[in-house]
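Work through the exercises below with the sequence and the model open. Each task is followed by a solution in steps.

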Amino acid sequence: LFSVRHFGMWKINDNFATDVMYGNYYIMAKGKEKTDTKKIAGLSAFMNIKTDFGFKKTFGDKTLLIAFLNAILNRKIADIEYLQTEQLGYIKENRKAVYDVYCTGVTGERFIVEMQASPQPYFMERILFYMAYPVISQAPKGKVTGKNSKGEEVKIPWDYSISGVYMICILDSIIFPEEKAKDTVTERLQIVRKEANETATGKWEVITIELPKFDKTEDDLETDVDKWLYSIKNMEKLSECPKNFNEGIFRELYEKSKINNLTEREMKTYGKSIWEYDDVILGMRRSRDEGREEGRNEGIKEGISKLVRNCYKNGKSIVQIAEFTGVPEKEIKTILEIVN
């Protein structure tokens with residue numbers, strides 16, 4: 001057994017299953033009765049929002065989600081209605097690493113909030129794919145008719161006037177590693193007129209939030225956006241609500257995120273969610289470490305070549321691979337047999 005920092009849990013190999021019950025952590029062999037019970041010391045006071053359960057528990061609360069959207073988008077959304085994420089046409093793979101909520105505002109705008117626990121291949125292509133569904137779904141179904149001045153029923157052409165579609169991607173990894181973006185936590189992706197340097201439409205926007213780049217301490221927080229990002233990144237590490245969060249929506253956020261507010265069933269689900277989150281994080285580290293270890297054991301050149309090819313296969317650009325591995329772009333092209 002070895003300890004894992006999140007939730008004060010113990011990590012067990014694949015021959016075991018876990019059952020998390022309030023402050024107690026039960027360990028049992030699959031198919032066997034409970035064999036040991038351990039009281040967790042230093043159990044986290046608050047949920048990890050970066051887990052599937054913690055994310056959906058937080059942003060499944062309408063009041064909290066509206067406050068988050070208003071802060072990040074700098075809008076004043078009065079109300080929302082949750083929609084089924086299946087309407088986005090999502091492919092049900094890698095769901096341990098990607099989870100989301102989907103809703104519409106009172107004036108028809110669509111909002112998607114997605115949490116990614118690990119880098120996903122073809123990130124921008126996925127965004128384009130997923131953003132297409134909320135746009136296409138606004139097209140009228142069937143023939144739209146009305147009456148002309150003579151009272152005759154006629155077909156009315158659709159003028160393509162759509163409501164805005166906005167997506168917020170909270171990332172527990174770095175996807176823009178370029179030197180010029182190293183201190184940029186939040187980026188806004190829009191459809192722009194390149195020559196005119198103007199936004200072509202304000203009805204399509206993706207906001208990326210790279211949590212590893214957010215390094216503000218509690219004393220550095222100035223805006224509501226700062227407080228949201230600090231909470232999402234650090235909440236599970238805190239023993240009490242930060243002193244500057246003791247009123248308004250943030251007080252409500254921390255109160256509703258207390259571990260001891262969870263029911264027995266929720267504790268079980270949260271425990272599984274923590275396990276999955278740790279598996280994703282450890283998997284990321286293991287993949288990187290295995291690449292380095294193979295380089296040491298079988299020769300640095302072959303190990304780096306394999307790491308480069310794997311990164312490229314998973315959708316990373318040559319610039320991103322160069323930043324991650326330290327290998328010059330020219331050498332990366334040689335490894336990948338790319339001809340200029």
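Helices (H or I, at least four residues) and strands (E, at least two) are DSSP runs, numbered from the N terminus. The model is predicted, so local features need pLDDT of at least 70 and side-chain atom pairs count only at pLDDT 80 or more, while totals for chains, interfaces and linings use all residues. Residues are numbered from 1 along each chain as its sequence is written, and side-chain values use heavy atoms, with hydrogens and water left out.

**Exercise 1. Determine how many residues of β8 and of β11 are buried, and which way they point.**

Step 1. Apply the cut-offs: buried means under 20% relative accessible area, exposed over 50%, and partly exposed in between (1.4 Å probe, protein chains only).

Step 2. In β8 (residues 110-116), 7 of 7 residues are buried. Arg110, Ile112, Glu114 and Gln116 point one way, and Phe111, Val113 and Met115 the other way.

Step 3. In β11, 7 of 7 residues are buried as well. Val165, Met167, Cys169 and Leu171 point one way, with Tyr166, Ile168 and Ile170 pointing the other way.

Step 4. For the chain as a whole, buried residues make up 44% of the 340 residues.

**Exercise 2. Describe the largest nonpolar core and the contacts of phenylalanine 68.**

Step 1. A nonpolar core is a set of buried Ala, Val, Leu, Ile, Met, Phe, Trp, Tyr and Cys residues joined through side-chain atoms within 4.5 Å. Contact means heavy atoms within 4.5 Å.

Step 2. The largest such core has 43 residues, and those with the most contacts inside it include Phe59, Phe68, Ile168 and Tyr254. Helix α2 (residues 62-73) gives the largest share, 8 residues.

Step 3. Leaving aside neighbours within four places in sequence, phenylalanine 68 is in contact with Phe59, Val113, Ile168, Ile170, Trp228 and Ile232.

Step 4. A separate core has 16 residues, among them Met131, Leu171, Leu189 and Val206.

**Exercise 3. Classify the packing of helices α4 and α5.**

Step 1. Axes are lines fitted to C-alpha atoms, for helices over the stretch in contact, and angles run from 0 to 180 degrees between N-to-C directions.

Step 2. For α4 (residues 224-234) and α5 (residues 248-256), the angle is about 10 degrees and the axes are 11 Å apart.

Step 3. That makes α4 roughly parallel to α5, because angles under 35 degrees count as roughly parallel, over 145 as roughly antiparallel, 65 to 115 as roughly perpendicular and the rest as oblique.

Step 4. Asp224, Lys227, Trp228, Tyr230 and Ser231 in α4 meet Ile249, Phe250, Leu253 and Tyr254 in α5. These residues divide into 6 nonpolar, 1 polar and 2 charged, where Ala, Val, Leu, Ile, Met, Phe, Trp, Tyr, Cys and Pro count as nonpolar, Asp, Glu, Lys and Arg as charged, and the others, Gly among them, as polar.
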